[in-house]
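Hi there,

Here is the structure I promised to pass on. My notes on a sheet and a helix follow below it.

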Amino acid sequence: MAGVEITGVSTVYPNGVRAVDALDLRVVDGELFALLGPSGCGKTTLLRTIAGLEVPAAGTVTIGSRDVTRLPPGRRGVAMVFQDYALFPHMTVAENIAYPLRVRRAPKARQREAASEVADGLSLSGLLDRRPGQLSGGQQQRAALGRAVAAGADVLLLDEPLSNLDARLRLEARTFLKRLQHDLALTTVFVTHDQAEALALADRIAVMESGRIRQLGTPREVFQRPADTFVANFIGSTPMNLVEATARDGHVECAGARLPGPPGLVDGTPLVVGVRPEYLAPADDGITGVVSTVENLGVSSLVTLDCPDGTPISLTVPEQHEPALGRTLTVNAAPGRLLFYDAEDGGLLDG
Ligand code: ADP
Ligand code: MG
């Protein structure tokens, strides 16, 4: 068992792209950790740098108590599952799973035993003699996980483990992966561009952009208190309301309304008010607007209000309280659910 520590790591490709930029990160022993961010932000590069498939231009990678920065992948105690699973097509499932043991020249009987043990835990027992081409996407994914687990690594690295599965199977595989990781208590770092997946699975999440970490926290922390407007925009299945506002007398003027504001701001300071649609509800006073669209989300509905100054504000309401189009509605959020961001750098303000 081992944690992972990244200190001041920069990974630069020969063409000059700085895919990981002076990054610090600590993954705790036994944790299920997500690297989350838009395509091209450096997630795969960071994972490959932990695995030893890329050598950083600066910084150190520590696994357990060992500095592995200069060690080849095979000596780091990590196992990586690639986005396309990279199973050996000419080998059976059993041979694929046992491959790490074969490389170490374990006895044949031990290889077979390990493969059937691991396959048991992954519901692959009936498929041990099949080749990858005869498996569904979900089964291939489990076989690839099996090979990584059989390697007996201290750290499991998964690059977009669920993205090749169709939507339904992805939910099943997600639950499965969470249970497997919990049972094995294996330090796991997984990459995803899907915020819902990161929120559902991870113990902690690093939200990345341009080779850097914008926020590191538990799913609740990044959902409830995004550290900046980039994270606020990126996290959540319905986009957060981010509304231009102006400070006035300890309040903020926004969307034609006057709301309690953060303390200590000079009158006239521009800022951005952030509030999740899930945290807004009809109220006696607050932001008033006319219902312009209603979208069905299943048990709830996403309602958009057009405010007098033209600002759109969205909120979710229980299906049975869905308002009629054209109705005027006043909404507000509980204290603490309104967040205030610096209008210039997008950073979260206290208060
Ligand atoms: P992500 O996994 O978050 O989509 P990547 O780590 O794959 O991001 O890529 C980060 C950046 O590095 C991108 O700008 C990408 O174009 C660049 N990049 C990735 N791989 C290479 C490579 N082999 N050579 C040059 N640039 C690369
Ligand atoms: Mg990637």
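Let me start with strands S15 (residues 280–296) and S16 (residues 300–306), which run antiparallel and are joined by 6 bridges. One of the residue pairs is valine 294 with valine 303 in S16. (Strands are DSSP E runs of at least two residues and helices are H or I runs of at least four, numbered from the N terminus; two strands pair if DSSP finds at least two bridges between them.)

A word on the source: this is a predicted model, where local features need pLDDT of at least 70, side-chain atom pairs count only at pLDDT 80 or more, and totals for chains, interfaces and linings use all residues. Residues are numbered from 1 along each chain as its sequence is written, with chains lettered from A and ligands numbered from 1 in the order in which they are written.

An open sheet of 4 strands has the order S17-S16-S15-S18, paired antiparallel. S17 (312–318) and S18 (328–333) are at the edges with a single partner strand each, so one side of each has no neighbour in the sheet.

Just after H4, glycine 152 has a positive phi of about 65°.

Best wishes
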